[in-house]
Amino acid sequence: MAYYPERRSLSRRLKPYFTVFDWPLAMVLFMLLTTSVITMSSAGHEFPGRVEAQMRNFLLAFVVMWMAALVPPQTLMRLAVPVYTVGITLLIAVAVFGIIKKGSRRWLHLGVDIQPSEIMKIATPLMIAWYFQHKARLDDWKSFVVAAVLLVIPFTLIARQPDLGTALLVGASGFYVIFLAGLSWKMLIGLAVAGAASLPVAWSMLHDYQRERVMTLIDPTSDPLGKGFHIIQSVIAIGSGGMTGKGYHQGTQGQLEFVPEQTTDFLFSVYSEEFGLVGNLFLLVIYLLLIGRGMMIAANAPNLFSRLLAGAITMIFFTYAFVNMGMVSGILPVVGVPLPFMSYGGTAFITLGLGAGILMSIQRHRKLVQT
């Protein structure tokens, strides 16, 4: 047999670029993306090109995930402080001279319109995990106070835009790191009591439309053709699916466009109507597999930084799914959180793809990271 040293050398050099994927995680993501395309084909029947656009989002998220999986956790640690600093700087720039759309100042024009708050969904847990790895003492409550300050800064800047949905996701991502680092139950209970006591103050600080969302959650029938329309139609769609659903492309609420935002935030309503309780259980199993695999990667991570980051990213996936399903089911206020790896949207897919890529990087380099 002929020996081609250059060819073998080239294949050997390229091999690491094609072995970066954690295949159990990749298979779960593939099932979610396949389900998304199937559902989008029905929900987006009145939106020409929506399925093709979603496929482009998949491709872009795949590239981001692949590139992130190539980056070693050591490099992520070195990037934590610069990325967090840039993100905070951009949020301050948004507050000063950001672009206002639909009553919110969330975007910054840098050649193209960008939304810096999306960066903080990853930058915040990255920074707090770096802090606990390099600067904090886990047996000193002052370290947890510093971590809380690192979390409160982006949360406050985003909430003031106002963008409560993104602020809650950023807050959750940072809180998960603090909790996984060893936040004591005494401190957790104390925070819960303090949070409950501050509810009247928090209520007074909410914008009118945010208060209306909470009141609509309590009684959507008070404004059935206005603020309560989203929840009412969504709940009707979910309930009418029954045990096995009405069938693919057969859901009346979705096909007749009674469900608002049915390709984005309320895609789960269309899915539930067509595939019923059985389909919902199938989807829940897929998300449980996603969360379970992420937690397994976190448990096998070799150092504190990797464990905290992997655990926080996994819990971000859980938060996305829990909040979206609760929102469209009428048990949580409508806050504009997409169903992860399902709902239409480019920015959210990039963020989620980045998170999945970081998980794959931690799994791939678990024996190479020095504690």
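**Exercise 1. State how many aromatic pairs the structure holds, and classify the pair of Phe21 and Trp23.**

Solution. The structure holds 13 aromatic pairs, where rings of Phe, Tyr and Trp (its six-membered ring) pair if their centres lie within 6.5 Å. In one of them, Phe21 and Trp23 stand 5.7 Å apart centre to centre, with 55 degrees between the planes. Planes under 30 degrees apart count as stacked, over 60 as edge-to-face and the rest as tilted, so the pair of Phe21 and Trp23 is tilted. Phe58, Phe317, Phe341 and Phe349 form one aromatic cluster.

The model is predicted: local features need pLDDT of at least 70 and side-chain atom pairs pLDDT 80 or more, while totals for chains, interfaces and linings use all residues. Residues are numbered from 1 along each chain as its sequence is written, and side-chain values use heavy atoms, without hydrogens and water.

**Exercise 2. Decide whether Phe21, Trp23 and Thr39 are buried or exposed.**

Solution. Buried means under 20% relative accessible area, exposed over 50%, partly exposed in between (1.4 Å probe, protein chains only). Phe21 counts as buried because its relative accessibility is 15%. Trp23 has a relative accessible area of 53% and is therefore exposed. Thr39, at 1%, counts as buried. Thr39 is found in helix H2 (residues 23-43); helices (H or I, at least four residues) and strands (E, at least two) are DSSP runs, numbered from the N terminus. Leaving out residues up to four places away in sequence, Thr39 touches Leu267, Tyr271, Phe275 and Met342, contact being heavy atoms within 4.5 Å.

**Exercise 3. Describe the open sheet of 3 strands.**

Solution. The strand order is S1-S2-S3, with antiparallel pairing; two strands pair if DSSP finds at least two bridges between them. Strand S1 (99-101) and strand S3 (112-114) are the edges, each pairing on one side only. Strand S2 (residues 104-110) is joined to S3 by 3 bridges. Leu110 stands opposite Val112 in S3.

**Exercise 4. Characterise helix H4 (residues 73-97) by its span, its kink and its packing.**

Solution. H4 has 25 residues and reaches 35 Å from first to last C-alpha, close to the expected 36 Å, which is 1.5 Å times one less than the number of residues. A kink of about 40 degrees lies at Leu79, shortly before the proline Pro82; the bend is the angle between axes fitted to the seven residues ending there and the seven starting there. H4 lies across S1, S2 and S3. The buried residues of H4, including Leu76, Tyr84 and Leu91, pack against elements among them S2, S3 and helix H5 (120-134).

Technical notes: Axes are lines fitted to C-alpha atoms, for helices over the stretch in contact, and angles run from 0 to 180 degrees between N-to-C directions.
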